[in-house]
Amino acid sequence: MKALLVLFALLPLGFAYYKLESAIDPIKMLYNYTGVGAISLLLLSLVPSTCKRVCGQNLLRYRKTIGLLAFAYTLLHVSVFIVLDSEFDFITIFEKSLKKPFIYIGAIAFIILLFMALTSFKKLFAKLSKYHKAVYLALALALLHSFWAQKVAGVFEYSVVAVGVVLLVERIFHLKNNLLYNAP
Ligand code: HEM
């Protein structure tokens, strides 16, 4: 099942590869596929815990795989910036970042996701899992970065905000109920 999930998640990359030659702006297209892929998978990684509470369905075993896939997309997205768009030229990277401050927001989201990916393995996860709630912050920053980069918000961004808010509100209600029931 996990292999199927990985295959399904990687499909957009196969499609991007297929469309690369005919694309008017291949680099922009790669930014789009990898960025949208990362945000969609990040959002999907929040679903298993909500699903467990709301429908009693335990999909938690897939959460780490989805999270790591989101990170893989983010890594590809950042590689498009460093390797293809800036050709490893650190002066260009610096100049572009100065001109486009939305890159800093993306970089903060990237650092959060890097931390989560590195600490998603057994021993470290047991110690640091409480910090993984920062996924909500990473998602919000990634969305802000995407809005800012494109200067217009489309159906995708509004859908992510709507689903993200629903998932967050459910989590807040769950926490509030827990506090009420466990109050001394
Ligand atoms: C160091 C980190 C990052 C860098 C340097 C970076 C760089 C960029 C750049 C340069 C663009 C504009 C592309 C254009 O010209 O249209 C962009 C757009 C975008 N980025 Fe990032 N990004 C980073 C992190 C992230 C992260 C963490 C996410 C998601 C989890 C993300 C998602 C997106 C999305 C969805 C877009 C809009 C793509 C489109 O539809 O055109 N980025 N990014």
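This report covers side-chain contacts, charged pairs, aromatic pairs and nonpolar cores in a predicted model.

## Basis

The model is predicted, so local features need pLDDT of at least 70, side-chain atom pairs count only at pLDDT 80 or more, and totals for chains, interfaces and linings use all residues. Residues are numbered from 1 along each chain as its sequence is written, and side-chain values use heavy atoms, with hydrogens and water left out.

## Tyrosine 136

Tyrosine 136 sits in helix α8, residues 135-150. Helices here are DSSP runs (H or I, at least four residues), numbered from the N terminus. Tyrosine 136 is buried, at 15% relative accessibility. Buried means under 20% relative accessible area, exposed over 50%, and partly exposed in between (1.4 Å probe, protein chains only).

Leaving aside residues up to four places away in sequence, tyrosine 136 touches Leu46, Leu167, Leu168 and Arg171. Contact means heavy atoms within 4.5 Å. With arginine 171, the side chain of tyrosine 136 makes a polar contact of 3.3 Å. Such a contact is a pair of N or O atoms within 3.5 Å; within protein, one must be able to donate a hydrogen and the other to accept it, and residues adjacent in sequence count only if both atoms are side-chain atoms. Glycine 164 is 28 residues from tyrosine 136 in sequence, and their C-alpha atoms are 8.2 Å apart.

## Salt bridges

Side chains of opposite charge can pair when their charged atoms come close. The whole structure has 2 salt bridges. The criterion is a side-chain nitrogen of Lys or Arg within 4 Å of a carboxyl oxygen of Asp or Glu.

One joins arginine 53 and glutamate 170, at 2.7 Å from N to O. Arginine 53 lies in helix α3 (residues 47-55) and glutamate 170 in helix α9 (residues 155-181), so this pair ties together parts 117 residues apart in sequence. Arginine 53 is partly exposed at 29%. Glutamate 170 is buried at 19%.

Aspartate 85 and lysine 96 form a salt bridge at 3.2 Å, N to O. Aspartate 85 belongs to helix α4 (residues 63-85) and lysine 96 to helix α5 (residues 90-99); the two are 11 residues apart. Aspartate 85 is partly exposed, with a relative accessible area of 25%. Lysine 96 is buried, with 18%.

## Aromatic pairs

The structure holds 5 aromatic pairs. One of them is phenylalanine 15 with tyrosine 33, a tilted pair: 6.3 Å centre to centre, 40° between the planes. Rings of Phe, Tyr and Trp (its six-membered ring) pair if their centres lie within 6.5 Å; planes under 30 degrees apart count as stacked, over 60 as edge-to-face and the rest as tilted.

Phenylalanine 15 is partly exposed at 45% relative accessibility. Tyrosine 33 is buried at 16%. Phe15, Tyr18 and Tyr33 form one aromatic cluster.

## Nonpolar cores

The largest nonpolar core has 29 residues, and Leu41, Leu46 and Leu139 touch the most other members. Helices α2, α4, α6 (102-118), α8 and α9 each supply at least two residues of this core. Apart from it lies another core, of 6 residues, among them Ala16, Met29, Leu30 and Val80. A nonpolar core is a set of buried Ala, Val, Leu, Ile, Met, Phe, Trp, Tyr and Cys residues joined through side-chain atoms within 4.5 Å.

Leucine 46 touches Val135, Tyr136, Leu139 and Leu167, not counting residues up to four places away in sequence.
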